[in-house]
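Here is a short briefing on one predicted model. Look at the sequence and the fold first, then read the points below.

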Amino acid sequence: MIRAGVLLRWRDRLPVTPRTPALTLGEGDTPLVAAPTLARDIGCAELWLKVEGQNPTGSFKDRGMVVAVAKASEAGAKLAVCASTGNTSASAAAYCAAAGITCRVVVPEGKVALGKLAQALAHGARIVVLRGNFDTALSAVRALTARGGIALLNSVNPYRLEGQKTAAFEIVESLGGPPSGLALPVGNAGNISAYWRGFVELGMQLPIYGIQAAGAAPLVSGAPVEHPETLATAIRIGNPASWTLAVQAQRESGGQFAAVPDEEIVAAYKRLAAEAGVFCEPASAAPVAGLLRLARERPGRFAGQRLVAVLTGHGLKDPQAAIAQAPPLPEPVPAGSIEEALR
Ligand SMILES: *Cc1c(COP(=O)(O)O)cnc(C)c1O
């Protein structure tokens with residue numbers, strides 16, 4: 001089967017013109033995987049994991065990036081830039097490579113997961129490491145691209161959210177209707193805004209739970225966080241670019257923002273891999289940790305519900321996190337002791 005990709009499959013709902021290039025790496029159409037043991041502990045009837053790590057570069061960013069890069073190409077851009085905690089740069093580098101656009105990425109020093117950096121390098125993007133955190137990097141590229149001539153590929157680019165809303169369409173199509181509620185990790189808050197737009201376009205309303213890491217939870221506290229800290233690097237954001245849209249999504253959907261400590265993110269991360277067979281990156285486990293916490297705070301609140309948790313990125317993105325959370329490798333054994341060792 002040739003995978004249609006987001007632009008072709010959802011062209012009637014996207015800003016596609018006859019001049020938009022038919023760019024695709026086979027993004028979208030990711031599976032919903034059942035997680036019965038987690039559903040039991042959340043106290044809902046069904047928990048479905050939307051496994052966005054199965055996109056071409058391993059994160060949901062591909063849905064929006066294919067639209068943003070195709071539109072940049074349509075407008076004649078030769079150079080594109082983004083600031084990134086990692087997945088945006090991996091996705092931008094891949095789609096720019098496919099579209100023949102030169103790509104530059106600005107990453108904050110430290111704290112970028114190894115797999116993501118490897119991808120950006122492999123796809124030939126030039127990387128600038130900036131002193132400061134993500135928020136500094138985003139301000140810098142916004143100022144640079146405001147002068148024109150260079151395409152900005154961050155989620156402040158409206159085409160990114162347009163592409164990302166297609167995940168909401170897929171969920172509704174797969175389940176044969178809207179879920180009772182949807183939980184997702186929130187960093188710059190583009191994705192929560194995109195999902196909300198998707199459901200609204202379908203005329204559907206359901207609560208959206210935006211989960212942040214406790215050390216980077218500006219939408220929970222209501223004020224920017226100057227030094228965001230969490231092992232979930234994809235959501236280590238102190239001042240979300242789509243703050244206003246996200247608050248609107250939360251209010252109008254009847255949803256909620258919640259913060260989870262890193263220990264709970266790690267616990268959910270391990271359970272997803274060990275019990276559901278889905279290896280996601282730490283940030284992607286936050287919505288499951290969030291649902292477990294909300295259920296503990298008010299037992300029975302999800303009774304009978306069919307919930308979806310969006311697992312935004314693949315576990316292989318951040319091998320260091322996985323190895324740090326695992327027991328150390330045992331000492332080598334001689335071949336003669338293999339039977340004993342395997343017991
Ligand atoms: C980008 C990203 C997020 C956060 O999405 P926002 O749109 O910035 O809120 C969460 N998880 C992963 C894996 C990401 O790459």
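**A residue and its contacts**

Val67 touches Val6, Leu7, Leu14, Tyr159 and Gly163, leaving aside residues up to four places away in sequence. Touching, or contact, means heavy atoms within 4.5 Å. The model is predicted: local features need pLDDT of at least 70, side-chain atom pairs count only at pLDDT 80 or more, and totals for chains, interfaces and linings use all residues. Residues are numbered from 1 along each chain as its sequence is written, and side-chain values use heavy atoms, with hydrogens and water left out.

**Val67**
- Val67 is found in helix α3 (residues 61–74). Helices (H or I, at least four residues) and strands (E, at least two) are DSSP runs, numbered from the N terminus.
- Val67 is buried, at 2% relative accessible area. Buried means under 20%, exposed over 50%, and partly exposed in between (1.4 Å probe, protein chains only).
- The C-alpha atoms of Val67 and Arg160 are separated by 6.5 Å. Along the chain, these two residues are 93 residues apart.

**The sheet**
- Four strands form an open sheet, in the order β5-β4-β3-β6, with parallel pairing. Two strands pair if DSSP finds at least two bridges between them.
- β5 (126–130) and β6 (151–152) stand at the edges. Each has a single partner strand, so one side of each lacks a neighbour in the sheet.
- Five bridges join β3 (residues 79–83) to β4 (residues 102–108).
- Ala83 stands opposite Val106 in β4.
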